[in-house]
Structures are given as structure tokens and as C-alpha cells.
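Trainee: Could you go through this model with me? I'd like to ask things as they come up.

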Amino acid sequence: ILVIEPDNLQAKELISNAIKNIKINRLVSIGNDKIAKEDYPDALNKFQEALVVDSSNIKTITMIQKTKKLISELSDIYIKKADILYLQNFNQSALDYYILAIKINPASEEIKNRILVTEKSITNEEKITGYITKFDKYKDLILKESKDNSIVNSMEKLVEERNNLIKKLQE
């Protein structure tokens with residue numbers, strides 16, 4: 001139509017709206033993919049980008065509201081769990097949950113402050129135990145991926161020493 005009538009405002013508006021809808025749908029689709037991958041901050045960013053394209057798009061507004069609620073609820077769950085662990089002096093485990101919360105809600109000053117306080121509370125023994133626990137959990141991956149056998153051997157010795165201490169305590 002624009003070839004025949006280059007000044008046709010109705011055709012121009014239809015094309016403009018179609019382009020907007022394509023951009024919005026693409027951004028919402030990317031946002032939904034991010035949610036499926038549990039990357040909530042990036043999902044929220046994509047939905048907000050879509051809102052910039054059309055600030056009256058109900059679908060986009062709804063997705064932003066749902067994502068913000070999801071971020072809030074999930075970070076609250078991790079914070080509550082971390083708080084309980086912190087009060088029980090399981091500081092390394094508490095820190096792990098605060099880190100999960102900050103990944104979901106990176107703008108939260110409250111979580112950042114709790115991380116700082118918790119990091120100061122962690123003893124060297126807790127750090128070593130945390131490393132050993134993580135090594136136990138990811139040992140096969142570390143063995144497969146590591147090019148430095150001395151690290152693997154050192155960690156295996158620490159695990160062995162820990163297991164021997166546990167046996168002695170149980171006797």
C-alpha cells in the first residue's frame with residue numbers, strides 16, 4: 001500500500017504497530033526463557049525493555065509484576081533460611097543461602113549487608129569444612145575438569161583427614 005500511497009497514515013501506523021508487537025513478543029519470549037533458567041533479574045530487565053517499547057502493553061506490565069513478586073518471594077525464602085542458619089551459628093551455610101538470595105535480588109542492600117556480617121562471622125574451620133563439603137559434592141566434576149592433580153590430591157587428603165577425625169570422635 002505504501003508503494004502506491006506513500007503518505008497513507010493508516011498503513012504506516014499498522015506497520016509501526018506490527019514492528020512494536022514483534023519487538024515486544026521477542027523481548028517477552030527472551031524474558032520467559034530467562035525465567036525458565038531461573039535468571040530472574042535478566043528476565044525482569046527484558047520485560048522492562050518491552051515496556052519501553054509500549055508502556056501500555058498489559059501483557060508486559062503483568063509479567064513485570066509477576067517477576068517482581070517471584071523475586072521477592074524467592075529471596076525472602078532464602079533470607080529466612082539463611083537467618084535461621086546464622087542464628088544457629090551455621091555461618092557458612094547461612095552465607096550460601098544469602099548468596100542465593102543476592103543472585104535473585106542483586107539490588108538488595110539488606111542482603112548485601114547480611115552477607116558482609118556473615119562473612120566476618122565465618123571461622124577458618126568453617127571455611128575449610130565448606131570447601132571439603134563442596135569438594136565431596138563436586139569431586140567427580142573436579143577430577144574430570146582439573147588439570148592440576150595436586151589440588152585434587154590435597155583436597156582428597158583433607159577429606160581423608162576429616163573422615164579419620166569423625167571416626168575417632170565416634171569411637
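**Talking through the model**

Mentor: Let me begin with Ala-107, which is exposed, with a relative accessible area of 62%; here buried means under 20% relative accessible area, exposed over 50%, and partly exposed in between, with a 1.4 Å probe and protein chains only. This is a predicted model, in which local features need pLDDT of at least 70 and side-chain atom pairs count only at pLDDT 80 or more, while totals for chains, interfaces and linings use all residues. Residues are numbered from 1 along each chain as its sequence is written, and side-chain values use heavy atoms, with hydrogens and water left out.

Trainee: Where is the place of Ala-107?

Mentor: Ala-107 lies in the loop between H4 and H5, where helices (H or I, at least four residues) and strands (E, at least two) are DSSP runs, numbered from the N terminus. Ala-107 and Pro-41 are 66 residues apart in sequence, and their C-alpha atoms are 9.4 Å apart in space.

Trainee: And H4 itself, how many residues has it?

Mentor: Helix H4 (residues 91–104) has 14 residues, and from its first C-alpha to its last it reaches 20 Å, close to the 20 Å expected at 1.5 Å a residue, the expected span being 1.5 Å times one less than the number of residues.

Trainee: Which residues in H4 are buried?

Mentor: The buried residues in H4 are Asn-91, Gln-92, Ala-94, Leu-95, Tyr-98, Ala-101, Ile-102 and Ile-104.

Trainee: Changing topic, how many salt bridges does a search of the whole structure find?

Mentor: The search finds six salt bridges, each defined as a side-chain nitrogen of Lys or Arg within 4 Å of a carboxyl oxygen of Asp or Glu. One of them joins Asp-83 to Arg-114, with the closest N and O atoms 2.5 Å apart. That pair links distant parts of the chain, as Asp-83 is in helix H3 and Arg-114 is in helix H5 (residues 109–121), 31 residues apart.

Trainee: Asp-83 and Arg-114: buried or exposed, or in between?

Mentor: Asp-83 is partly exposed, with a relative accessible area of 24%, and Arg-114 also counts as partly exposed, at 25%.

Trainee: What about Lys-46, what does it form a salt bridge with?

Mentor: Lys-46 forms a salt bridge with Glu-49, and the closest N and O atoms are 3.5 Å apart. Because Lys-46 and Glu-49 are three residues apart in helix H2 (residues 40–53), about one helical turn separates them. Lys-46 is partly exposed at 22% relative accessibility, and Glu-49 is partly exposed at 37%.

Trainee: And Glu-73, which side chain does it meet?

Mentor: Glu-73 meets Lys-69 in a salt bridge of 3.8 Å, N to O. These two are four residues apart in helix H3 (residues 58–87), so they are separated by about one helical turn. Glu-73 is partly exposed, with a relative accessible area of 41%, whereas Lys-69 counts as exposed at 53%.

Trainee: Stepping back, what does the secondary structure of the chain come to?

Mentor: The chain has seven helices and zero strands, and buried residues make up 25% of its 171 residues.
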